[in-house]
Amino acid sequence: MSPRDVLAELREAQVAAPADVRERVRLLAAADPTTPARRFTWKRSLVVALPVAAAIAGAFVLTRPSHHVKDQLQLAKAPPVLSTQIQHGSAAAPAFVPSARSRVQIVGTTLSLRIPNAQGVSDAVKRAVQITTSLSGYASSVHEQTHGKTASADLTLKVPRAHVQQAVSRLSQLGTITAEQVSVTDKQAGLNATDREIARLQKQLAATTGTKQRAALTSHIQSLQRSEAQLRRAAHYATIHLTLATPPAPAKTRHHGPLHGVGVALRWLGIGAVYALAIGLPVAIVLALCWFAIRLIRRRREEALLGR
């Protein structure tokens, strides 16, 4: 018989201990006053939980930027001041509007002005409408709003293209220029092409005798003439978008005491402790249940061994 067969038979054989041996083992187990040392205690759990909470709170405090750092980040991310903005509240010459009177052009300009106070914004709105009316123009829309010491207004003004430069010059004197923009779109080439198309259709109309064909050509010619007249009327007026606003209110700066950092650290330590408790408590409960289950299984195995 090989050694492997001998080991297999020994494993399969269930050797029962004699009665006197089992009785002696029971007496020894009952007489032993020592209790197994507890591996899981509340003191050990606190020793593990407190450093974890402190580490989490420290990470929050170190990674969280302060108010001062936030302000610096916001200033760094703020868009740069427009190149046309005037420094130190000084006046600037208005932008030149390159408009050719002999050509059909769509002219638009944007002008932003800073006004010292809310009452000045209201007065500037009235003055802007008067200037537009005096130049044979009109106000297409006027929106004004006031909030305490701050106020703003948005106006859309229509001025004859021949007077647009004069209008911009007079309007810019109502306050300090902070931004301005001019756009000119030439429509003369398109109108010339429309005139040639109308002339061609009129020649075709003169040579056509059919009633339906003449009616269709006439309708097409009239449509082109209407769109051409519409474009010329739109090009007669230049559009001025005027924005009036008071200076923005200065941001309030918070002054913290010498113990502000201590308060912030304690607050984030408390938050870290809450996070550690919320995350660590379920884990501790699961570990405790596993530990109790292992202890119960081990005890039952010992009792089964003693019962043989």
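Helices (H or I, at least four residues) and strands (E, at least two) are DSSP runs, numbered from the N terminus. The protein chain reads α-α-α-α-β-α-β-β-α-β-α-α-β-α along the sequence. That comes to 9 helices and 5 strands. The model is predicted: local features need pLDDT of at least 70, side-chain atom pairs count only at pLDDT 80 or more, and totals for chains, interfaces and linings use all residues. Residues are numbered from 1 along each chain as its sequence is written, and side-chain values use heavy atoms, without hydrogens and water.

Of 308 residues, 21% are buried (under 20% relative accessible area; exposed is over 50%, partly exposed in between; 1.4 Å probe, protein chains only).

Aromatic rings come next. Rings of Phe, Tyr and Trp (its six-membered ring) pair if their centres lie within 6.5 Å; planes under 30 degrees apart are stacked, over 60 edge-to-face, the rest tilted. The count is 2 aromatic pairs.

| Pair | Centre to centre | Angle between planes | Class |
|---|---|---|---|
| Y138 and Y237 | 5.5 Å | 75 degrees | edge-to-face |
| W291 and F292 | 5.0 Å | 70 degrees | edge-to-face |

Y138 lies in strand β2 (residues 138-147) and Y237 in strand β5 (residues 237-245), so their pair ties together parts 99 residues apart in sequence. Y138 is partly exposed at 40% relative accessibility. Y237 is partly exposed at 27%. W291 is partly exposed at 23%, whereas F292 is exposed at 51%.

L289 sits in helix α9 (residues 260-306). L289 is exposed, with a relative accessible area of 57%.
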